[in-house]
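Me: Got a model open here and want a quick tour of its contacts and backbone. Can we go through it piece by piece?

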Amino acid sequence: CLGRDEHGEYLYDLAKNELGFDVTNAQFTEKVGTRFLFVYFDQDKERSFTNYKGSRSDLMIEASELDLSQIRRCKVFILRFRSNSTIQSPRRRSLL
């Protein structure tokens, strides 16, 4: 799920038009912004980070909104899982 914001729109456009991904089941939400993280490297190759710390659009999807037949047909399916993603409902039901 992507936030309906400039970051979500950019990622959707990149995936669909530049990378050729099937975005048939991509979902947008007005409730929260798209989660993002920038990694910067200084001259000594030390990392620093800037991120959006608001509510997370990637955790907004409901289990009832998943198209399991589409997932089964995927050649590649990426599931991003974090331990704190399972704490709150509906997130837990979507992952199980």
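Me: Which side chain meets arginine 4 in a salt bridge at 3.1 Å, N to O?

Reply: Glutamate 9. Keep in mind that this is a predicted model.

Me: How many salt bridges does a search of the whole structure find?

Reply: Two. The other one joins the side chains of arginine 4 and glutamate 30, at 3.3 Å from N to O. That pair links distant parts of the chain, 26 residues apart. Arginine 4 is in the loop between strand E1 (2-3) and helix H1 (6-18). Glutamate 30 is in the loop between strand E2 (28-29) and E3.

Me: What do Arg4, Glu9 and Glu30 form together?

Reply: A network of salt bridges.

Me: Is glutamate 30 buried or exposed?

Reply: Exposed, because its relative accessible area is 65% and the cut-off for exposed is over 50%. Arginine 4 is partly exposed at 44%. Glutamate 9 is also partly exposed, at 35%.

Me: Switching to H1. What caps its N-terminal end?

Reply: Aspartate 5. One of its side-chain oxygens lies 3.2 Å from the backbone nitrogen of histidine 7.

Me: What span should H1 have, and what does the model give?

Reply: H1 has 13 residues, so at 1.5 Å a residue it should span 18 Å. The expected span uses one less than the number of residues. The end C-alpha atoms of H1 are 17 Å apart, which agrees.

Me: Which residue other than glycine has a positive phi near 65°?

Reply: Lysine 45. Most residues other than glycine have a negative phi.

Me: Where is lysine 45?

Reply: In the loop between strand E3 (37-41) and strand E4 (47-51). Lysine 45 counts as exposed because its relative accessibility is 68%.

Me: Now threonine 34. Buried or exposed?

Reply: Threonine 34 counts as buried, since its relative accessibility is 4% and buried means under 20%. This residue lies in the loop between E2 and E3.

Me: Which backbone nitrogen lies 2.8 Å from a polar atom of the threonine 34 side chain?

Reply: That of glycine 3.

Me: Back to that E2 to E3 loop. Which residues have we placed there?

Reply: Glutamate 30 and threonine 34. Glutamate 30 is exposed at 65%, whereas threonine 34 is buried at 4%.

How values were computed
Residues are numbered from 1 along each chain as its sequence is written. This is a predicted model: local features need pLDDT of at least 70, side-chain atom pairs count only at pLDDT 80 or more; totals for chains, interfaces and linings use all residues. Side-chain values use heavy atoms; hydrogens and water are left out. Helices (H or I, at least four residues) and strands (E, at least two) are DSSP runs, numbered from the N terminus. Buried means under 20% relative accessible area, exposed over 50%, partly exposed in between (1.4 Å probe, protein chains only). A salt bridge is a side-chain nitrogen of Lys or Arg within 4 Å of a carboxyl oxygen of Asp or Glu. A polar contact is a pair of N or O atoms within 3.5 Å; within protein, one must be able to donate a hydrogen and the other to accept it, and residues adjacent in sequence count only if both atoms are side-chain atoms.
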